[in-house]
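Dear colleague,

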Amino acid sequence: MTDLYYGDPLSRAFWDGARNGVLVLQRCADCGRWQHYPRPLCLGCESTSLESVPASGLGTIYSCTTVRISARPGLEPPYIAAIVELDEGPRMLTNVAGDTARIGDRVRIGWRHRTDAPPLPIFTVDADA
Amino acid sequence: MTGLKARPAYIAGVAETPLGKVLDQTELSMVALAAKEALGEAGMTIADVDGLFVNYMGEEGTVQVGEYLGIEPRVADSSDLGGAAFEAFVHHAMLAVAAGECEVALIAYASRQRSRRNRRPPVADAASLTAQFEHPYGLPAPIGHYALIAARHMAQYGTTSEQLAQVAVAARKWAALNPKAWIRTPLTVSDVLESPLLSDPLHTLDCCLVTDGGGAVVVTTPERARDAAKPAVRVLGVGQSHTHWHIDQMPDLTVSAGVKSGEAAFRMAGIVPADVDVLQPYDSFTITVIKALEDLGFCERGEGGPFVENGRLEPGGDLPAMTSGGGLSYNHPGALGVLLLVEAVRQLRGEANDRQVADAEIAVAHGVGGFLSTSSTVVLGRD
Ligand SMILES: [Zn+2]
């Protein structure tokens with residue numbers, strides 16, 4: 001695995017963070033807005049001063065679906081795909097571990113080990129999160 | 001827009017390609033047949049075509065269809081808005097005709113996705129955003145995306161699976177009146193709810209067909225439209241937009257680009273939703289129709305579920321919609337937009353036989369593409 005496994009220099013900080021079990025997102029040094037995925041400018045104020053900063057890894061389920069058909073090798077249905085709204089603001093597509101999840105549930109980040117790529121951020125329902 | 005009002009554009013011919021399961025044609029030959037038929041309605045031949053609007057027919061957009069038909073266009077456009085591309089083609093053809101850039105614009109499409117079973121999943125470059133941030137989560141495309149949209153709508157507004165099912169039931173009732181529809185057997189709300197869940201809350205029968213098909217549409221000047229063998233239909237308004245590709249980047253899962261495309265098209269046409277006699281919404285999934293009803297302003301935001309109850313979209317309902325039977329029951333060739341235009345024109349000409357909406361004067365075709373990503377709206381009127 002090379003540092004530029006994905007061939008995307010902009011997401012390097014994100015995946016380097018993932019290797020260390022830390023969700024690293026971009027935050028605008030000028031307006032404070034967080035964003036995901038990484039871009040060379042802030043979508044809020046168009047500043048190019050972006051910092052890669054550890055995020056809380058906490059969020060709320062914005063939407064979710066139980067996938068019951070085969071969609072990807074290695075993922076055995078049924079499983080839950082969800083959009084999590086992070087406490088910092090950005091939303092991200094993810095999986096939620098376990099059998100049940102509801103919109104509005106609080107979630108906490110976890111990591112899925114992958115042999116061919118950096119750990120993948122997923123989430124677990126956690127009422128205390 | 002006074003310039004456009006001074007020089008409007010008309011749809012002077014429409015045709016379907018062979019539909020259903022097509023084993024004796026290729027995609028290109030299907031397009032050729034539909035083009036000849038649509039141009040015939042317009043009182044024209046392929047040699048008259050000087051504007052070509054095509055996508056999803058091989059590499060380089062219009063080029064392969066151009067070669068196949070011997071067309072060397074003055075205007076060529078392959079805007080890639082997925083299912084909404086064909087309504088966007090009407091938009092661009094209207095502008096080109098109004099500007100004098102071309103006189104006879106041919107819009108065409110065909111696929112044999114059923115025969116070939118090649119609704120092919122995209123192979124993403126590993127460095128792409130999609131490969132990094134979306135594919136690892138196994139969201140089946142596009143049903144998983146629409147499932148997330150439907151689930152959010154249900155949680156936010158109380159929309160029910162029964163209400164979603166009403167959309168499929170309405171499409172089927174129209175299909176029963178259309179001899180060309182792929183499936184015409186009666187369908188109930190219970191049938192939909194008892195069909196297998198694929199990605200909650202969407203069942204098999206919340207999803208469109210996978211069929212072979214396509215069509216052709218001829219857009220032209222008022223002068224050329226006068227030669228048409230059948231009454232030409234005027235393009236009154238057009239609009240388009242898009243919001244996202246990756247579903248987690250959609251600003252609000254309950255608001256589509258149809259808000260923008262519809263507002264633009266209705267404003268240009270000088271109409272309000274209550275003026276619309278017949279609606280051809282893109283019914284890729286039942287939720288797609290509920291979104292169209294809200295985003296085009298037929299009901300308030302969040303009221304799409306109650307709106308479709310009591311047969312409102314069905315034959316005899318207040319807002320006849322999906323009158324061909326739609327993508328849910330008539331035909332869905334991968335990109336349905338061209339067939340929405342064909343049905344809208346036939347309704348306005350009064351030639352829809354058993355499914356004819358009485359005195360239809362204003363029709364709307366609302367294309368949607370991607371993952372509720374793109375929208376393009378066309379308002380058509382009888383002259
Ligand atoms: Zn900023």
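In chain A, UniProt places the feature "domain: ChsH2 C-terminal OB-fold", from an unreviewed entry, at residues 53–112; UniProt positions are given here in the numbering used for this structure, feature names are shortened, and annotations may be inferred rather than shown by experiment. That span is 0% helix and 55% strand, and its end C-alpha atoms lie 21 Å apart, where helices (H or I, at least four residues) and strands (E, at least two) are DSSP runs numbered from the N terminus. For chain B, UniProt lists "domain: Thiolase C-terminal", also from an unreviewed entry, at residues 239–382. Over these residues the chain is 31% helix and 17% strand, with 19 Å between the end C-alpha atoms.

Please keep in mind that this is a predicted model, in which local features need pLDDT of at least 70 and side-chain atom pairs count only at pLDDT 80 or more, while totals for chains, interfaces and linings use all residues. Residues are numbered from 1 along each chain as its sequence is written, chains are lettered from A and ligands numbered from 1 in the order in which they are written, and side-chain values use heavy atoms, with hydrogens and water left out.

The zinc ion has as its protein donors the SG atoms of A:Cys28, A:Cys31, A:Cys42 and A:Cys45, at 2.2 to 2.4 Å; donors are N, O and S atoms within 2.8 Å of the metal (3.2 Å for Na, K and Ca), and sites may look incomplete because water is not among the atoms. The angles among the four donor atoms run from 101 to 117°, and the site is tetrahedral, a term used for four donors if all angles lie between 85 and 135 degrees. Along the chain the donors follow the spacing C-x2-C-x10-C-x2-C. A:Cys31 is partly exposed at 41% relative accessibility, whereas A:Cys42 is buried at 0% (buried means under 20% relative accessible area, exposed over 50%, and partly exposed in between, with a 1.4 Å probe and protein chains only).

Turning to spaces in the structure, the second largest pocket has a volume of about 280 Å³. Of the 13 residues that line this pocket, the closest to its centre are A:Arg33, A:His36, A:Arg91, B:Asp248 and B:Gln249. A search of the whole structure also finds two cavities of 30 Å³ or more, and the second largest cavity holds about 40 Å³. Its lining consists of A:His36, A:Tyr37, B:Leu129, B:Phe133, B:Glu134, B:His246, B:Asp248 and B:Gln249. On a 1 Å grid over the protein atoms alone, a cavity is a set of points where a 1.4 Å probe fits but cannot get out, a pocket is an open set with protein on both sides within 12 Å along at least five of seven lines, and lining residues have an atom within 4 Å of a point; a volume is the space filled by probe spheres set on the points, which are joined across faces, edges and corners.

In chain B, helix 12 (residues 286–295) is largely enclosed by the rest of the structure, because ten of its ten residues are buried. Just after helix 12, B:Gly297 takes a positive phi of about 90°.

Some backbone details of chain B also deserve a look. Most residues other than glycine have a negative phi, and most peptide bonds are trans. B:Asn310, however, has a positive phi near 60°; B:Asn310 lies in the loop between helix 13 (304–307) and helix 14 (326–330) and is exposed, at 77% relative accessible area. B:Leu372 has a positive phi near 55° and sits in the loop between strand 10 (362–369) and strand 11 (374–382), but is buried at 2%. The peptide bond from B:Ala141 to B:Pro142 is cis, with omega near 0°, and B:Pro142 is in the loop between helix 6 (129–133) and helix 7 (143–157). A cis bond also joins B:Asp200 and B:Pro201, with omega about 5°.

With best wishes

Methods:
Tetrahedral: all angles 85-135°; square planar, octahedral: opposite > 155°, others 65-115°.
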